[in-house]
Amino acid sequence: MTELTGGPSLPQERRVVTAIPGPKSLELQARRSAVVAAGVGSTLPVFTTRAGGGVIEDVDGNSLIDFGSGIAVTSVGNSAEAVVRRATAQLADFTHTCFMVTPYEGYVAVCEQLAELTPGDHAKKSALFNSGAEAVENAVKIARVHTKRQAVVVFDHGYHGRTNLTMALTAKNMPYKQGFGPFAPEVYRVPVAYGYRWPTGPENCGPEAAAQAIDQITKQIGADNVAAIIIEPVLGEGGFIEPAKGFLPRIAQFAKDNGIVFVADEIQSGFCRTGQWFACEDEGIVPDLITTAKGIAGGLPLAAVTGRAEIMDSAHPGGLGGTYGGNPVACAAALGAIETMREMDLNAKAKRIEEVMKGRLAAMQEKFPVIGDIRGRGAMIAIELVKDPATKEPNAEAAGALAKACHAEGLLVLTCGTYGNVLRFLPPLVIGEDLLNEGLDIIEAAFAGL
Ligand SMILES: *Cc1c(COP(=O)(O)O)cnc(C)c1O
């Protein structure tokens, strides 16, 4: 029998043949515990053998439905055909030269794609890096050198990474920051328009939150000390919070009026995830700089800062870079991923996923009042769980119990949120609708069993 490979040829079915995790995963987990640092966790310790389309296969022969995409990374599916084809060809040609030593076309071609796909028709330039955190750090470097100012403004519930500067930018203490300080200075946090929890209600939230944020910036920092305002157009780790309408345009305008670089961190929300190339397009925002990573390269490590040419060119030659940034294999993979997004119209697929998921989740909310809020866009959908819809007291226990029940049935889901009470769904955009509905059936059964 010919061995099936991963990627699109993997059978698109859920199959649970052992306990999850099964005996072989448990053996590997024991080996892992002896040599892998405890600080590196895993949501579900099943060890992967192959993955593709909407499934992950494990060492025990189980096939799990994937509602996580490796945290919004494999939007085009694992081992997508064009990603494998282009990355394989590049691997055979050369694996590395360092773009700062001798350049290659793939890097330039990715920057051309970024210039074309990101919002705005102004002249744009990019620099490529390895991880999201590294891209955010470089956006700060570029904004500071451009403005000759130091302060950086971020928001409640924001997440920007785990390096020292990006820990400072990230809102949530546990697990990201606890014990790891001191943190980088000149970082200031202001309110975000979190409609579901806004005291005067979601209708007033956008303008009121923007007014509060702007008041704090002007009174506590001074607008002319601010180099950059950094925001996720849909906040990811913080709980898939879509800032209430009007908030983002008001903040972007304030940045413009005050010579502040407006940075959209689209690392999780970008590249078709929300049904648009970038989530900030939803309210017509044109950021000065945009950071991307996760979905950009079909699973290979690549990240970028893209923005107005005159801002990007503020940094002196040699001031930006890194040994591996824009690795040729990762660039080839990105070109394959972008080709897949265009050819399969993955924005349309993301919108269809939203339609199916929100329809099913709304029906569940009528039966299960523990679902306080359903939100998100495209294939970035979440439900916030509460003890009582009237008090909105966060219900992290329910989120944990539901995730556990889903995992046992062979559905991989992730949790998030400042209060740990959000179940988030990030399926690959290429998932079949039958698997999507089967996953939702499992979620519904898990609610019934709470
Ligand atoms: C994941 C994420 C990051 C950090 O990316 P890494 O590649 O993990 O460093 C930064 N910002 C946002 C919005 C993210 O979701």
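This short talk goes through helix packing, a salt bridge, some backbone details and a surface patch in one structure.

Hi everyone, and thanks for coming. One thing to keep in mind from the start: what you see above is a predicted model.

Let me begin with the helices. Two packed helices are described by the angle between their axes and the distance between the axes.

Please look at helix 3, residues 81-93, together with helix 10. Their axes come within 7 Å and cross at roughly 155°. Angles over 145 degrees count as roughly antiparallel, so that is the word for helix 3 and helix 10. The crossing of helix 3 past helix 10 is right-handed. Which residues of helix 3 make the contact? They are Ala-82, Val-83, Arg-85, Arg-86, Ala-87, Gln-90 and Leu-91. From helix 10, the partners include Pro-328, Ala-332, Leu-335, Gly-336 and Thr-340.

Next, helix 7, which spans residues 202-221, and helix 8, residues 247-257. Here the axes come within 8 Å, with a crossing angle of roughly 25°. On the helix 7 side you can pick out Gly-206, Ala-209, Ala-210, Ala-213, Ile-214, Ile-217 and Thr-218. Facing them from helix 8 are Phe-247, Arg-250, Ile-251 and Phe-254.

The contact draws on residues of helix 11 including Ile-353, Val-356, Met-357, Leu-361 and Met-364. On helix 13, Leu-436, Leu-440, Ile-443 and Phe-447 are among the residues involved. As for handedness, helix 11 passes helix 13 in a right-handed crossing.

Now to the charged side chains. How many salt bridges does a search of the whole structure find? The count is 26. The one I would like you to zoom in on joins Asp-313 and Lys-125, at 2.8 Å from N to O. Asp-313 sits in the loop between helix 9 and helix 10, while Lys-125 belongs to strand 4, so this pair ties together parts that are 188 residues apart in sequence.

On to the backbone. The loop between helix 6, residues 164-169, and strand 6, residues 187-190, holds Pro-175. The peptide bond leading from Met-174 into Pro-175 is cis, with omega near 5°. Pro-182 is in the loop between helix 6 and strand 6 as well, and a cis peptide bond joins Gly-181 to Pro-182, with omega about 5°.

Cys-272 has a phi near 75°, which is a positive value in a residue other than glycine.

Last stop, the surface. Val-35, Val-36 and Val-40 make a nonpolar patch of about 280 Å². Of these, Val-40 is found in the loop between helix 1, residues 23-35, and strand 1, residues 48-52.

That's my tour, and I'm happy to go back to any of these views.

Methods. Residues numbered from 1 in each chain as written. Predicted model: local features only at pLDDT ≥ 70, side-chain atom pairs only at ≥ 80, totals over all residues. Heavy atoms only, no water. Patch = residues over 30% accessible without salt bridge, like charges linked within 9 Å, V, L, I, M, F, W, Y side chains within 5 Å. Areas by Shrake-Rupley, 256 points an atom, 1.4 Å probe, with all protein chains shown as cover. Salt bridge = Lys/Arg side-chain N within 4 Å of Asp/Glu carboxyl O. Helix = DSSP H or I, 4+ residues; strand = E, 2+ residues; numbered from the N terminus. Axes fitted to C-alpha atoms, helices over the stretch in contact; angles between N-to-C directions. Contact = heavy atoms within 4.5 Å. Parallel < 35°, antiparallel > 145°, perpendicular 65-115°, else oblique. Left-handed = near helix turned anticlockwise from the far one by under 90°.
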